[in-house]
Amino acid sequence: MSLAPAFTIPDAMGMRRAMGRFLTGVAVVTTQHQDEQYGMTISSLTSISLEPPILMISLNFGTRTGEALMESGKFAVSILGAKQESVARRFAVRGGDRFGDGDFDITDSGLPVIKGALAQADCTVVQQYDVGDHQVFFGQVTTCRDRDGEVLAFKAGRFGSFSDFGHAEIPWMF
């Protein structure tokens, strides 16, 4: 019988390793400021409220996307499908032209979203907080759409896919 490791105060790498055990989806957040488009890959996306519909995203301090989002007050989210790993990688790299070679749709507010993404949401910022080393944005969803497909997943620094156990869908509305 092996013993569980002792609890320790985490350093940055210990925290990253522990939280990396949590399987997440992968999304691209985009915004626009002064006719320039900005975007980055994120895994920190959460639905906060259904009525009104509110999403939360979290971005590292000092990103160009975060700075542009602060100025514009709006963002769009594209939840990526399993065949869109190359899109996730393109938007995860610092610098470079993220929008030149891609296929995009445009939201009602004029923001680019990834064509073929499983879900797309157009949001207006309603709250922003600085927490630790991140900027946390809460956005009210003004429009959204979705389609069926396999989701792109991320765990412990690796992309993959998700397989369910074949159970019936759980009715989450109580």
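The second largest pocket has a volume of about 1200 Å³. Of its 34 lining residues, I79, V151, F162, E169 and W172 are the closest to its centre. The model is predicted.

**Second largest pocket**
- Two or more lining residues come from each of β4, β5, β6 (74-79), β9 (119-131) and β10.
- β4 gives the largest share, five residues.
- The lining divides into 20 nonpolar, eight polar and six charged residues.

**Largest pocket**
- The largest pocket has a volume of about 1600 Å³.
- It is lined by 48 residues, of which R16, T41, S43, N60 and H134 are the closest to its centre.
- Helices α1 (12-19), α2 (64-72) and α3 (85-92) each give two or more residues to this lining.
- The largest share, seven residues, comes from β3.
- By type, the lining residues of the largest pocket are 19 nonpolar, 18 polar and 11 charged.

**Residue T31**
- T31 sits in strand β2, which spans residues 27-33.
- T31 counts as buried because its relative accessibility is 0%.
- The T31 side chain reaches the backbone oxygen of K74 at 2.6 Å.
- Leaving aside residues up to four places away in sequence, T31 touches E36, Q37, Y38, T65, A68, L69, S72, K74, F75 and L111.

Note on methods. Residues are numbered from 1 along each chain as its sequence is written. This is a predicted model: local features need pLDDT of at least 70, side-chain atom pairs count only at pLDDT 80 or more; totals for chains, interfaces and linings use all residues. Side-chain values use heavy atoms; hydrogens and water are left out. Helices (H or I, at least four residues) and strands (E, at least two) are DSSP runs, numbered from the N terminus. Buried means under 20% relative accessible area, exposed over 50%, partly exposed in between (1.4 Å probe, protein chains only). A polar contact is a pair of N or O atoms within 3.5 Å; within protein, one must be able to donate a hydrogen and the other to accept it, and residues adjacent in sequence count only if both atoms are side-chain atoms. Contact means heavy atoms within 4.5 Å. On a 1 Å grid over the protein atoms alone, a cavity is a set of points where a 1.4 Å probe fits but cannot get out, and a pocket is an open set with protein on both sides within 12 Å along at least five of seven lines; lining residues have an atom within 4 Å of a point. Grid points are joined across faces, edges and corners, and a volume is the space filled by probe spheres set on the points. Ala, Val, Leu, Ile, Met, Phe, Trp, Tyr, Cys and Pro count as nonpolar, Asp, Glu, Lys and Arg as charged, and the others, Gly among them, as polar.
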